Amino acid sequence: MPIKPPVTELTIKTATSGFYSGFAKDVTISAKFIIGALLIWAIGFPEHSGAFLGKINGFLLANFNFWYIYVMAFYIVLCLALAAVPATGRLRLGKNDDRPEFSTFSWFSMLFGAGLGIGLLTYAAGEPLYHLQNNPDVIQGNIAANSWDTVPSAMKWTFFHWGLSAWGCYTLCGLALAFFAYRRGLPLTIRSALASLFGNKLSGTTGAIIDIIAVVATVLGVAQTIGYGVEQLVAGLHRIGFGDWLISVATDGKQTSSNAGIIFALVVILGASTLSALSGVGRGIKWLSNLNMGLSFFLLSFFLFFGSTFFGVQTLLTGVFDYVTSLPSLLLTVWNDDGTATGKALSDWQGGWTVFYWAWWIASAPFVGVFLARISKGRTIREFVLGAMIATSAMCFIWFAALGGTAIDLELSGAAQNEIAGTGLSDQLYATLAVILEPTMAWIFSIIVVALLLTYQITTADSAVLVINTINAAGDEGPKARPHILFWGTGLALVVGALLILGGLGAIQTAMVIGALPFSAVLALMGISVVKAIIRDVQRERLGLLVPAE
């Protein structure tokens, strides 16, 4: 049976004049309408919208939790297989003579900062401490909560959420996009990654729907990330003396961001990120990413040398061992409410942690994937997977072991006296520094964390704005008109601000879990599509036919 030639041209209709010149109007206007309608609904009818979204979220967690669990396993296995198989791992994401545009350090800095930077600061101390108190091993009675014996289990679950699963989503999306954009010459937009499945149908309505889903998922996923960053930025500004007007006290006695604090943080973050986005990837984002990585290594080095060093190394080794040996079971276990107290507790825990995380990573995949593809031209598939999935996961493990391990050691030893665990998630990293250091040094290091958080926020937001406009412009990576950059920068600020003020982070989480579901199917199809395309290329090479990358 003859092998059909691959799709090497995908015509996407874009406007030739007017405000939307160079943009696919069906994608751009539809995405703006959906996001605008969500904003109006959330602001105008907060109680109704919150209740309705909550019902949908509950339905999805009860009926589609298995889908999120199994599809994530598929992403991870597929990426590892593509890197491990010699015939696929050596393929270059570009023409055979293409070489990387960015140095390895700059490349790693940009992908790490865009992928997980804010979350790592927010959850560095908080998640290991939470899992020390409650995780599936504790729920099932295998170990006691808040004990030294619980530490390996707490780190195992933390690594599970921030390791291969997170980066598997990003890597698969970026790999598929880079393959079709740089080996096939197709536009750098989500629909292109499905070319081997749908062919020229992607020029029409089918392709437009795929790109619209990607834009909406990106806005919701980035809103979640920025929302966490806003809360932690406000907590940090309060710590370093910007005033009590930044915070308010919740009914449980814990401090939360005030409305004024949220608005102030968003103005600073989105204003700076929009200016950076106007300068493009080669200048603003690259410079900020290198700064991010430098400050991150400085903070990590501090915890490695002055935190609970030996305890951190021990938690790293035992946590990684437990994670790797348990990974197949972790990836494929689905807990459902079977009517027992244990079954309900396990189901609730998985829905509130694992399924939430999988939805977060999937919703962020279009944004991070397009960005990874943009900066990874010329790298081989094996190099791409090793850097974007394995090295980044290892960095996350070290980070959580150093920062989270220190927080756990301080709490279990009694040195912290509940000063860390007793505060809110956004404040726990600052609280850890306050326990380790005397007040003046704690203040200085809090300023460093605030600066690092701000640069991560700016990098994330400006990368998201550039990626959204790239998808809307049918994959055109060139400079965009200022109004479009300003619109999406303002739009992100409004989405985050409205949902935070009206419903807190819970409202953003609910919207994101719902928005991630359709893109999870698109991402699975992207994986199938790139495998099919690679197999066809290998067959063409064996038959002596022209391979598109030559």
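Select Asp348 to begin: with a relative accessible area of 43%, Asp348 is partly exposed. Here buried means under 20% relative accessible area, exposed over 50%, and partly exposed in between, with a 1.4 Å probe and protein chains only. This is a predicted model, in which local features need pLDDT of at least 70, side-chain atom pairs count only at pLDDT 80 or more, and totals for chains, interfaces and linings use all residues. Residues are numbered from 1 along each chain as its sequence is written, and side-chain values use heavy atoms, with hydrogens and water left out.

**Stop 1: salt bridges**

A salt bridge is a side-chain nitrogen of Lys or Arg within 4 Å of a carboxyl oxygen of Asp or Glu. Asp348 and Lys344 are four residues apart in helix α15, so about one helical turn separates them. Helices (H or I, at least four residues) and strands (E, at least two) are DSSP runs, numbered from the N terminus. Lys344 is partly exposed, at 42% relative accessibility.

The whole structure holds eight salt bridges. Next, pick Glu101 and Arg374. Their side chains meet in a salt bridge of 3.1 Å, N to O. Glu101 sits in the loop between α4 (86-89) and α5 (104-123), and Arg374 in helix α15 (residues 341-375), so the pair ties together parts that are 273 residues apart in sequence. Glu101 is exposed, with a relative accessible area of 53%.

Now select Arg191 and Asp211. Their salt bridge brings the closest N and O atoms to 2.7 Å apart. Arg191 is in the loop between α9 (164-182) and α10, while Asp211 is in helix α11 (residues 205-239), 20 residues apart. Are these two buried or exposed? Both Arg191 and Asp211 are buried.

One more selection here: Arg183, Arg184 and Asp537. These residues are linked in a network of salt bridges.

**Stop 2: the core**

Turn to the largest nonpolar core, which has 185 residues. Such a core is a set of buried Ala, Val, Leu, Ile, Met, Phe, Trp, Tyr and Cys residues joined through side-chain atoms within 4.5 Å. Which residues have the most contacts inside it? They are Ile190, Val230, Trp361, Phe519 and Met526. Helix α19 gives the most to this core, with 24 residues.

Select Ile190. Not counting residues up to four places away in sequence, Ile190 touches several residues, including Cys173, Asp211, Pro366, Ile471, Phe519 and Met526. Contact means heavy atoms within 4.5 Å.

Then select Val230, in helix α11. Val230 counts as buried, at 0% relative accessibility. Leaving aside neighbours within four places in sequence, Val230 is in contact with Ser257, Ile262, Ala265, Leu266, Ile269, Gln457, Val496 and Leu500.

**Stop 3: covered residues**

Go to Ser446, in helix α18 (residues 439-472). Ser446 counts as buried, at 4% relative accessibility. Beyond its neighbours within four places in sequence, Ser446 is in contact with Ile240, Tyr430 and Leu433.

Next, select helix α6 (residues 126-133). Six of its eight residues are buried. They are Gly126, Glu127, Pro128, Leu129, His131 and Leu132.

**Stop 4: a pocket**

Select Lys4, Ser196, Lys532, Arg536 and Arg540. Among the 20 residues that line the second largest pocket, these lie nearest its centre. About 430 Å³ of space lies in this pocket. On a 1 Å grid over the protein atoms alone, a cavity is a set of points where a 1.4 Å probe fits but cannot get out, and a pocket is an open set with protein on both sides within 12 Å along at least five of seven lines; lining residues have an atom within 4 Å of a point. Grid points are joined across faces, edges and corners, and a volume is the space filled by probe spheres set on the points.

Which element gives the largest share of the lining of the second largest pocket? It is α19, with five residues.

**Stop 5: two loop residues**

Finish with Asn146, in the loop between α7 (136-139) and α8 (151-162). Its phi is near 55 degrees, a positive value in a residue other than glycine. Asn146 is partly exposed, with a relative accessible area of 46%.

Last, select Gln417, in the loop between α16 (381-412) and α17 (428-436). Gln417 has a positive phi of about 50 degrees although it is not a glycine. Gln417 counts as exposed, at 67% relative accessibility.
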